[in-house]
Amino acid sequence: MEDNVLELIGIKKHFQDVEVLEGIDLTIKRGEFITLLGASGCGKTTTLRIIAGLESPDEGKVLLEGQDVTDLAPNQRDVNTVFQNYALFPHMNVADNIGYGLRLKKVPKREIREKVSSMLSLVQLEGYEKRRPSELSGGQRQRVAIARALVNNPKILLLDEPLGALDLQLRRAMQMELKRLQKKLGITFIYITHDQEEAINMSDRIVVMNQGICEQIGTADEIYNHPRTSYVAVFVGNANIISGQVDHLAGDQAVVDTCGGKALVNTDGARLQPKEQVTLAVRSEHIELDENCGCGMKGQIAEKNYVGGMHRIVIALPDGSRLVSSRCGMDSQIEVGQEICFRWNSSHGVLVDRG
Amino acid sequence: MKRNKTKLPGIYLGLVLLFIYLPIILVVIYSFNESKTTAMWKGFSLKWYRELFQDIAILEALQNSLVLGVLSCLAAAVVGTLGAVGLTKVRHRSKGVVEYVSTLPIMIPEIILGMVFLAFFSVLHLPFGMVTLVIAHTAFCIPYILMMVKARMAGMDPALEEAAMDLGASPMRTFLDITLPLIMPAVMSGCLLAFAMSLDDVVITIFVNGPKLNTLPIKVYTQTKFGVTPKINALCTIMLAVTLAVLAAGQLLRFLFSLAGRRGVRRGNAGSHLYSGQVTITEDGKSG
Amino acid sequence: MRKKRNWWTFTVMPLYAFTLIFVAGPLVYMIALSFASNREGYGLIWRFTAENYKRLLDPVYLGTFAQSLRLAFSSTAAIMLLGYPFGYFMAKLSSKWKKRMMLLLTIPFWVNSLIRLYGWIIILQTKGTLNGVLLNLGLIEKPLKLLYSYPAVLTGMIYTLLPFMILSVYSSAEKLDWSLIEAARDLGANAVQTFFTITLKLTFPGLLSGMILTFIPSMGLFFIADILGGNKIVLVGSLIQDQMTRGSNWPFAAALAVVLTVLTTLIIYIYRRVTHTSELEGLY
């Protein structure tokens, strides 16, 4: 029980007439770096604010190390937040900003000075004690915000899209920094982002959220290679969603009738029935174009372009739907309008949306 | 963009400004006039000023004006600031109504306010004098502070207060450590304006000051009904000098605040200053 | 929905209390008072009567209202003519001059209105400056009786309220997109046409709020009429003051005040509807 530093049970929240959170259940282990990933409006920020105590849920409980903190004010929780726009106090210098939480706890001045100092070294801003927030760059302010939260040694650190305002280079560098910090300090980090790359690079586990519910919770590998819903498959990475009907079962595989042809799918323990409607997710990079049409699927090339270093080919299927196949390199031999065969590995077709 | 090469705009502006300043200049000039009648210039003299300083009634009136101004402005500052901050946090249907009613004193003609206070205070049997004056003045000072603080709060990042609470500050501590320092420029501006309004007030003061208490403007007003004496000119000139001093102090305060990091407020001076192209205008002719 | 106790309700208490007791209270009392009556020797009698309002219909009092309105309209019109060009020209100055002009306009604002009116007495009185200048120039033979007249009060009103119009027009003109005027000229409009079709329309909000800011006070500024008009010019404001002090007929004064308040509120209401502003911030 002590291993779980945070538990969210049945959290529901609405604003005016909109249901923002429709029942969130989450268990977070001590020392892990977990990310809430989703598009704007999915409820990730609201969830974070409920954990921090800045919002109250309509229903549900928040347990911090087993204790019910749902009704506690933010200043009574041992949780600290790094705000999206940093929220550094403009009328205080860096040292006073960082030491604020400690001053409130009536920690002796000398101790505050030492802690502030060591925090500044930790975030590589030694010597910046007397500077004002207005004199700092975005990246520096961000580090001060992190230091200000961490110096209080909270049980959980909440980070609300902290890297959003930084440019790409800085963002990548800070991602490494944050990961390093987290590993070093061993504090539980709950991170929010809409950037899947960020989530995959930094997190131990990812919670994919969509319109107020958790679509899937798992490691980056699980999310990427074994998405459970079509939303997750499409949101993280590029996936094609294909619907079909089970033709017959063959051991631990199934043959599914799709519009493009028959596909072989690993059942992965799922109990499939013949004639059952299923949905498959196949990543674009897993669709292989087969020059020699073997036992594969057929379609017609609708588009080809070169995007982000990958050769991207859109295949049109007889029923009008399209699949996207991508691979590295360039292939000028493929023409638009050409009939093409394609296939994928049975392990790459993932069954999704299985209720 | 100077497409007009004519001097017309400049001349016009100059003439109107002259029109505006002429009376004031004359008052000042004639305060140094040796002669009693204002038309004839008999020579430079400070005798009216000397007489002024020896006039106990006037000195008393001055003291009253200052005390009244300070008391009303302080009372308005406390009630107004707390109110403005609280209004942004509370969500009640009555909010809009209370805000509207509390700003009424500067929207309806002063004469009505004066008359209404007189009647009301009588019925309550309040002692007419400093007590009624302070209440009345506070009533029309509050709106200035309310408006300014409210504007400042609107421009302040709400995440700042949330961050304070997140770090462990109770609501009161958050207010004292974070909110108050950040709205202070607005409170000060509001106070300055309120103080000036209080010093300047004639109409409301006439109604509620009671038989004995005189403020400076009242003294000037009653004197003018008897006719002009250069002593009043001298008084006016001094009041003018005080006004300019207060204005200068305001500029100085503004300058000092700009050094002490006002940034962190999202929009720039969200309504907090008097001379940056935004002068608070009231509907009943009060100057300022 | 769980509701935590909101600490902030305590901070608004002082404001609520003060407003209720000392702003709402008096105003409600005023309305109540206007329906009471006053008898010589007996004091206030609290029996509902509409006699005060009926008395208002007396030609004398209607005349006072008419005169106040006449004065208000004339001064507003004059102020508009004087102040609009000023605000407009001011908006075209360089920003350095704009600041200076703003300062120059603000200083008299802060000078007590009485002092400024007092200055006019010096100018207008029989032995005053204006007469002195005119006599010296040989333009007149006897000093003119300028003070204690309708024109004197009008001048005083204009003088006191002019800055409001200027600043209103200025704030509107300042936001003017000058390229629109250039575009109009480019399309063939001459100066007059450009002014009436483009400039005036765009600065109209400022002009309108300026009119409100001058019209409403001009009905209440009784001390201008008092100082510069003597007993000759009676405004609604002076009437109220008179009834409260010498007349001791408070109910009647209350009725006058109610009518004045209703007029004022009506004008503000119309203004809001015309400009679709939901807050009077526009007037600040």
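1. In which helix is the place of C:Ala72? The residue belongs to helix H3 of chain C, residues 59-91; helices here are DSSP runs of H or I with at least four residues, strands are runs of E with at least two, and both are numbered from the N terminus. C:Ala72 counts as buried because 23 C-beta neighbours lie inside 10 Å. The cut-offs, with C-beta atoms placed from the backbone, are 20 or more other C-beta atoms within 10 Å for buried, 12 or fewer for exposed, and partly exposed in between. Residues up to four places away in sequence aside, C:Ala72 touches C:Phe215, C:Ser218 and C:Met219, a contact being two C-beta atoms, placed from the backbone, within 7 Å. C:Ala72 and C:Pro217 are 145 residues apart in sequence, yet their C-alpha atoms are 8.4 Å apart in space.

2. Residues are numbered from 1 along each chain as its sequence is written, and chains are lettered from A and ligands numbered from 1 in the order in which they are written.

3. Confidence in chain B requires comment. Its average pLDDT is 79, and 83% of the residues score at least 70; pLDDT is the predictor's confidence in each residue, from 0 to 100. Over residues 261-288 of chain B the pLDDT is below 50, although this stretch has 83 contacts in the model beyond near neighbours in sequence. Where pLDDT is low, predicted coordinates should not be read in detail.

4. Between chains B and C, 72 residues of chain B are in contact with 78 residues of chain C. On the chain B side, helix H1 (residues 8-31) gives the most, with twelve residues. By class, that side has 55 nonpolar, twelve polar and five charged residues. Here Ala, Val, Leu, Ile, Met, Phe, Trp, Tyr, Cys and Pro count as nonpolar, Asp, Glu, Lys and Arg as charged, and the others, Gly among them, as polar.

5. Helix H10 of chain C (residues 222-229) is largely enclosed by the rest of the structure, because eight of its eight residues are buried. Among them are C:Phe222, C:Phe223 and C:Asp226. C:Gly230 follows H10(C) and has a positive phi, near 60 degrees.

6. Chain A has an open sheet of five strands in the order E15-E19-E16-E17-E18, with antiparallel pairing; two strands pair if DSSP finds at least two bridges between them. Strands E15 (288-290) and E18 (322-328) of chain A stand at the edges with a single partner strand each, so one side of each is left without a neighbour in the sheet. Within this sheet, E16 (residues 297-307) and E19 (residues 339-343) of chain A pair over four bridges in the antiparallel sense, and A:Lys298 stands opposite A:Cys341 in E19(A).

7. A:Tyr86 is not a glycine, yet has a positive phi of about 75 degrees; A:Tyr86 lies in the loop between strand E6 (79-82) and helix H2 (94-104) of chain A. With 24 other C-beta atoms within 10 Å, A:Tyr86 is buried. A:Lys275 has a positive phi near 70 degrees, but is exposed, with 10 other C-beta atoms within 10 Å.

How values were computed:
Predicted model: local features only at pLDDT ≥ 70, side-chain atom pairs only at ≥ 80, totals over all residues.
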